[in-house]
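Colleague: I have not looked at this structure before. Could you take me through how to read its features one at a time?

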Amino acid sequence: MRQLLRRIAVTALIAPVAAGTVMIASPAEAAPAKPTEVALQTEVNRLVNIQRAKHGCPAVKADAKLIKAARGHSAWMARTGKFSHTGAGGSTFIKRVKAAGHTKPSSENIAWGYRTAATTVDGWMNSPGHRANILNCKSKTVGVGVAYAANGTPYYTQDFGY
């Protein structure tokens, strides 16, 4: 259980819009996704939609702007080794999502260290806050970003939008 708590954020972030400046990963910082990262991102989406269907929610559709925000945050976490909903320059997920051009952010899940999409989604589904984000039937879009740290550890960000 201790390891599970280390790997997923203890609480899911559903926050009000905060004032201030935003800094998201630049294109150089959030390099194009590698094939292994794209495969993980796609599989996370597929497994999340299976969970949503089991619980009566419509599927969420991948959104390029949310993917950009999620990849940028995962790249920042992988580069810095910081595991947090607070990102570069003190940014919140709402600031990052809006800076990427998506106007209706819903929520964010993060994880690190899981080697497969299935174990990542299982971890989120076993965490009440993350589960609530996945099963929020009002969310319509999603972006998943996976980035590997230099030591090979994967960092995941999942941003939902209305």
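Modeller: Start with aromatic pairs: rings of Phe, Tyr and Trp, the last taken by its six-membered ring, pair if their centres lie within 6.5 Å. Planes under 30 degrees apart count as stacked and planes over 60 as edge-to-face, with the rest called tilted. Keep in mind that this is a predicted model.

Colleague: How many aromatic pairs does the rule give here?

Modeller: The count is two aromatic pairs. Phe83 and Trp112 make an edge-to-face pair, with 6.3 Å from centre to centre and 65 degrees between the planes. Phe83 sits in the loop between α3 (64-80) and α4 (93-99), while Trp112 belongs to strand β2 (residues 105-112), so the pair ties together parts that are 29 residues apart in sequence.

Colleague: Which pair is stacked?

Modeller: That is the pair of Trp112 and Tyr155, at 6.3 Å centre to centre and with 20 degrees between the planes. Trp112 is in strand β2 and Tyr155 in strand β4, so this pair ties together parts that are 43 residues apart in sequence. Through these ring pairs, Phe83, Trp112 and Tyr155 are linked into a cluster.

Colleague: Now the whole chain. What is the order of helices and strands along the sequence?

Modeller: The protein chain has six helices and four strands. Along the sequence they follow the pattern α-α-β-α-α-β-α-α-β-β. Of the 162 residues in the protein chain, 49% count as buried. Take the contacts between residues at least 6 apart in sequence: 76% of them join residues at least 24 apart.

Colleague: Where should I look for a nonpolar core?

Modeller: The general idea is that in soluble globular proteins, nonpolar side chains tend to be buried together. In this model the largest nonpolar core has 18 residues, of which Val44, Val48, Val121, Trp124, Ile134 and Tyr156 touch the most other members. At least two residues of this core come from each of α2 (35-54), α5 (117-125), β3 (141-148) and β4 (154-161). A second, separate core has ten residues, including Met77, Ala88, Trp112 and Ala149.

Colleague: What does Val48 contact beyond its neighbours within four places in sequence?

Modeller: With those neighbours left aside, Val48 is in contact with Val60, Val121, Ile134 and Gln158.

Colleague: How should I read helix α2 itself?

Modeller: Compare its span with the expected one, then see which residues are buried. α2 has 20 residues and reaches 29 Å from its first C-alpha to its last, close to the 28 Å expected. Its buried residues include Leu40, Gln41, Val44, Leu47 and Val48. The buried residues of α2 pack against β1, α3, α5, α6, β3 and β4. Just after this helix, Gly56 takes a positive phi of about 80 degrees.

Colleague: Gln41 is polar. Which side chain does it meet?

Modeller: The side chains of Gln41 and Arg71 are joined by a polar contact of 3.3 Å. Arg71 is found in helix α3, and at 9% relative accessibility it counts as buried.

Colleague: Which cysteines form a disulfide?

Modeller: There is one disulfide by the rule used, and it joins Cys57 to Cys137 with an S to S distance of 1.9 Å. The torsion about the S-S bond is about -75 degrees, so the disulfide is left-handed. Cys57 lies in the loop between α2 and β1 (61-62), and Cys137 in the loop between α6 (128-134) and β3, so the pair ties together parts that are 80 residues apart in sequence. Cys57 is buried, with a relative accessible area of 6%, whereas Cys137 is partly exposed at 32%.

Colleague: What else can be read in the loop between α2 and β1?

Modeller: Ala59 is placed in that loop, and its relative accessibility of 47% makes it partly exposed. Leaving aside neighbours within four places in sequence, Ala59 is in contact with Asn49, Arg52 and Lys140. Ala59 and Val142 are 83 residues apart in sequence, and their C-alpha atoms are 9.6 Å apart in space.

Conventions: Residues numbered from 1 in each chain as written. Predicted model: local features only at pLDDT ≥ 70, side-chain atom pairs only at ≥ 80, totals over all residues. Heavy atoms only, no water. Core = buried A, V, L, I, M, F, W, Y, C linked by side-chain atoms within 4.5 Å. Buried < 20%, exposed > 50% of the residue type's maximum accessible area, 1.4 Å probe, protein only. Contact = heavy atoms within 4.5 Å. Disulfide = S-S within 2.5 Å. Polar contact = N/O pair within 3.5 Å; in protein donor to acceptor, adjacent residues only side chain to side chain. Expected span 1.5 Å × (residues − 1).
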